[in-house]
Amino acid sequence: MRYSAWQVLKQGLTGHTGWEAAFPDPEPQRAYDVIIVGGGGHGLATAWYLASVHGITNVAVLEKGWLGGGNIGRNTTIIRSNYLLPDNEPFYELSLSLWEGLEQDINYNAMVSQRGILNLAHSDAQMDAYARRGNAMHLAGAGGVLLDTEGVRRLTPYLNIDDARFPIKGGLWQERAGTVRHDAVAWGFARAASSRGVDVIQNCEVTAIRREGGRVVGVDTDRGRIDANKVAVCVAGNSGRVMAMAGMRLPIESHVLQAFVSEGLKPVIPGVVTYGAGHFYISQSDKGGLVYGGDIDGYNSYAQRGNLPTVEDVAEGGMSLMPMIGRAKMLRSWGGIMDMSMDGSPYIDRTDVPGLYFNGGWCYGGFKATPGSGYCYAHLIATDTPHQTAGGYRLDRFRTGHPIDERGAGAQPNLH
Amino acid sequence: MQIPHPLLGPRDAAEFVYLGDASLLQRPVVEDVATLGDETTIDAYHEYLHLRTNPAGRHRELWFHEQGDRSWLVITRDTLTHEILGAELATDVVARGDTPS
């Protein structure tokens, strides 16, 4: 069924009895051309672009839980392409341009809302750095405007602009950034991929990666053996666990990142605001809740929940940036498990095992990358060559001396 | 989270700085500086610096008591539950020839 305004009208007039399931719940087949391990946003996007761009439809996406239950449903829904380094910026700009056409492409309302992002600067040096970053963005066609103090005041007058300790000197504004309804992205990609013949299989956990003569021949799952000549792993958060099945150690640590939502408020925050003096960022959901977060907790974790000192740190960041937030009640908080890579940048690459591909290491920037990651991963799986915008995301880049250290923090995963 | 410091008793984890996997105690030893550029030496350092086992479960890791006695501890912790299973001074771990991996 194709979704349209006409369908909404028709179903409304007939008591909403005619809606079909958005996507089927198939049994796993014996064999596929490609198996994608992990039915998160990136895995489902990969399946969609394999089918729609490369015509490869004999594909299974294996998800150990349910769709939308992992990090695609646990993030703060921000999309943007305001990066600096030439190995990053064109990739994230590709991703943002895919977001812009996504809903028409997959015929699904993912509520892509380009409400802008404002990165605040609190010193002259930070303003210089943002001018440089803005220039890098313009080189990639991403746009961006450098605002002075008064420009920030017009946009967000309630911020603590004239603070004595961290006065706001200006900011970098990307108008095309915004937010997206995150779990709708999973459902939309699953529905679109399924309509092209991809099997999206939930509650199917991979227990082994099968190899013969050094190359991949399939996987074992808790629902039986499935054969495929290409197995594409896409399980950020659990990358270490899954790739250990193929005997690989990765340049990744798993860490917990917390996020928070306040009670629902009237519209107050126009886009996304990031605090350049502390680590704090905030936006407002369509339901009115303030959605905000800060740093990772900083120690290895698979627990999907964090500790109170980080909650306190984030709340302090919020209070110093916009004191009025102290009047709002924090409604809930949660934790997601991040693949923290050694330089803060991701991997989309082949492995030493022929037929085995790896996508991960997204740190806490995975959501915005969802369509770009799927597009480039599909390109890699279909053609065995990296997409031109993802050429730097090699697994061996530390061995060869080509890290992509956007933050300049070195090989220390909990500092990115 | 509280860290059971072997000398100071239970301390708030916020007093500590986290470094990572305790295998970082075993830096590759280069006997002869002439071999520093060899592929095997580079491989050994790459593995030491950049690759992690990253287990879900029991994990031995280095914490530095920065806001305390400035000692390095080797903490054994379950990464699935955050339960702390043991805490030792890193100097003791090294002195008895223990090699966390």
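A word on the model first: it is predicted, so local features need pLDDT of at least 70 and side-chain atom pairs count only at pLDDT 80 or more, while totals for chains, interfaces and linings use all residues. Residues are numbered from 1 along each chain as its sequence is written, and chains are lettered from A and ligands numbered from 1 in the order in which they are written.

**Two domains in chain A**

Chain A splits into domain 1 (26–81 + 83–108 + 182–250 + 343–415) and domain 2 (117–178 + 253–341), with bounds that come from an automatic or database domain assignment. Their C-alpha centres sit 27 Å apart. Where they touch, 30 residues of domain 1 of chain A are in contact with 30 residues of domain 2 of chain A; "in contact" means that the C-beta atoms of two residues, placed from the backbone, lie within 7 Å. On the domain 1 side, β3 (78–79), α3 (89–106) and α7 (239–244) of chain A each give two or more residues. Helices (H or I, at least four residues) and strands (E, at least two) are DSSP runs, numbered from the N terminus. It is α3(A) that gives the most to this side, with 4 residues.

**Helix against helix**

Two packed helices are described by the angle between their axes and the distance between the axes. Axes are lines fitted to C-alpha atoms, for helices over the stretch in contact, and angles run from 0 to 180 degrees between N-to-C directions. Here are two such pairs:

| Helix pair | Angle | Axis distance |
|---|---|---|
| α2 (residues 41–52) and α6 (residues 182–195) of chain A | about 30° | 9 Å apart |
| α3 and α9 (residues 370–383) of chain A | roughly 110° | within 7 Å |

Ala, Val, Leu, Ile, Met, Phe, Trp, Tyr, Cys and Pro count as nonpolar, Asp, Glu, Lys and Arg as charged, and the others, Gly among them, as polar.

In the other pair, α9(A) brings P371(A), G372(A) and Y375(A) to the contact, and W99(A) is among the residues from α3(A). That contact divides into 8 nonpolar, 2 polar and no charged residues.

In chain A, 3 strands form an open antiparallel sheet in the order β9-β10-β11. At its edges are β9 (206–212) and β11 (224–227) of chain A, each pairing on one side only. β9(A) pairs with β10 (residues 215–221) of chain A over 6 bridges; pairing takes at least two bridges found by DSSP. In this pair, E212(A) stands opposite R215(A).

Chain B has 2 helices and 6 strands, which run β-β-β-α-β-β-β-α from the N terminus on. Its C-alpha trace spans about 45 × 30 × 25 Å along its principal axes. Between the chains, 21 residues of chain A are in contact with 19 residues of chain B. Elements giving two or more residues to the chain A side are α7, β13 (252–264), β16 (289–300) and α10 (397–400) of chain A. That side has 10 nonpolar, 7 polar and 4 charged residues.
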